[in-house]
Amino acid sequence: MSQKFDVFLSFRGSDTRRTFSSFLYRDLVRMNIRTFKDDKELEIGQMISAELDRAIETSRFAVVVVSVNYAESPWCLEELRKIMDLVRNGWITVMPVFYGVDPCHVRRQSGVFVEHFQKHETREDQEKVLSWRQALTDLANISGICSSLCEDDSKIVDKITELISKNLMINTTRINGSDLRGIYAHMKAFNRLLNLSSKKSVRVIGIWERGSTRRSVLSKFVYENISQHFESHFFLESDKMVYKDRHMSHPFEEWMSQIRHKDKKVLLVVENIKKLEQFNALEEHIDSFGPGSIVIITTQDKQVLFSSRIKLVYEIECQILEESTNHAKEWFGHLRGKISSQNPIFHRHSMRGSTQHRFVLRHKA
């Protein structure tokens, strides 16, 4: 699904509509960041709930402003549930703002949230209420901005605008500056290998492509979109690796010293591995990662992945081949609709030609 909005802004109107959320919306728009706020983009007579769902689904980022009365609103909680479902599937990046509330209270639904949920439990389906609780817990587990730690609202607004603007610029530059078509389609396919909710042992995934441009774009795009799910993360370019005597680059070693023996869930992306020795130098570090950790290795040499015993492999060229085949099918179908009645031979040839080279995404079991 194509991205219609850059940011979906979720907030409780009675708390921040005329203050913080209004200032944030103004600054985002001022930076040419297409932002959805309430029903501003909806036409009179349209179904609000369906349009809101679509607005969330077609946004790259969601800024969720959790204020004192945010959880009092079933509408806000439904928005949040939808957002967090998309976050878990890697479709949207969420930025929590804890505005006048303690993140711990959000995580546990304690403090001011107790009364809100007592009311919900008397009025709403229990399963729905549990999904709202889980959404709040998941949101509070993501690093966000806490208003109590900032001098004033303008500082918070500036920080959010800067972060989103920078990420949009990076993504746009990398996508437009490369020949990797359908980056979001690739992300969706790659998600099948990620299993972000897993609490099992470390998952090692390979990305293979003969060239380097598309492989690099995808690995960086994946890193930017899923890093928030981990307690710590690091992007390592193999050209900067010093693996003599199994020692790595100084920044990487510094990062490892912070997480070693702490059993943390971490994300490590290693770009452009060329030799088996480079992967071997990583192995002892990988063994110290906690459950649910993910390591992504990119290379143009399939033998490196095979020798490293990496079983989960995403092959970019195969994915592009499938996309091309699908376009061909659509085109042949279009032609058949126009001329099949006049030329049945072309119809048969089109059908036969459109079924070639059908395999695309391959991950080894």
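Mentor: Start with β6 and β10, which pair in parallel over 4 bridges. Pairing here takes at least two DSSP bridges between two strands. Strands and helices are DSSP runs numbered from the N terminus, with at least two residues (E) for a strand and at least four (H or I) for a helix.

Trainee: Which residue is the bridge partner of Gly206 in β10?
Mentor: Val313 is the partner of Gly206 there. Gly206 also stands opposite Ile297 in β9.

Trainee: How many bridges does β6 have with β9?
Mentor: β6 and β9 share 6 bridges, again parallel.

Trainee: What is the strand order in that sheet?
Mentor: The order is β7-β8-β9-β6-β10, an open sheet of 5 strands with parallel pairing. β7 (232-237) and β10 (312-315) are the edges; each has a single partner strand, so one side of each lacks a neighbour in the sheet. Neighbouring strands are turned by 15 degrees against each other on average, direction ignored.

Trainee: And what joins β7 to β8?
Mentor: 6 bridges join β7 to β8 (residues 266-271), and the two run parallel. Phe235 stands opposite Val269 in β8.

Trainee: Which strands does helix α12 touch?
Mentor: Helix α12 (residues 276-286) packs on this sheet and touches β6 (203-208), β7, β8 and β9 (294-299). Its direction makes about 175 degrees with that of β9. Contact means heavy atoms within 4.5 Å. Axes are lines fitted to C-alpha atoms, for helices over the stretch in contact, and angles run from 0 to 180 degrees between N-to-C directions.

Trainee: Before we go on, what are the ground rules for this model?
Mentor: It is a predicted model: local features need pLDDT of at least 70, side-chain atom pairs count only at pLDDT 80 or more, and totals for chains, interfaces and linings use all residues. Residues are numbered from 1 along each chain as its sequence is written, and side-chain values use heavy atoms, with hydrogens and water left out.

Trainee: What is the mean pLDDT of the chain?
Mentor: The mean is 78, and 74% of the residues reach 70 or more. pLDDT is the predictor's confidence in each residue, from 0 to 100.

Trainee: Which elements have the lowest and highest mean pLDDT?
Mentor: Helix α15 (residues 344-353) is lowest at 32, and helix α5 (residues 103-108) is highest at 96. Over residues 320-365 the pLDDT is below 50, and that stretch has 46 contacts in the model beyond near neighbours in sequence.

Trainee: Switching topic. At what angle do α6 and α7 pack?
Mentor: Helix α6 (residues 113-123) and helix α7 (residues 126-140) pack at about 155 degrees, with their axes 10 Å apart. They are therefore roughly antiparallel. That label covers angles over 145 degrees; under 35 is roughly parallel, 65 to 115 roughly perpendicular, and the rest oblique.

Trainee: Which residues make the contact?
Mentor: Phe117, His120 and Glu121 from α6 meet Val129, Trp132, Arg133 and Leu136 from α7.

Trainee: What about the other sheet, which order does it have?
Mentor: That open sheet of 5 strands runs β2-β1-β3-β4-β5, with parallel pairing. β2 (35-37) and β5 (145-146) are its edges; each has a single partner strand, so one side of each is left without a neighbour. Strand β1 (residues 5-10) joins β2 through 3 bridges. Phe8 has Phe36 as its bridge partner in β2.

Trainee: Last one: how many helices and strands in the chain?
Mentor: The chain has 15 helices and 10 strands.
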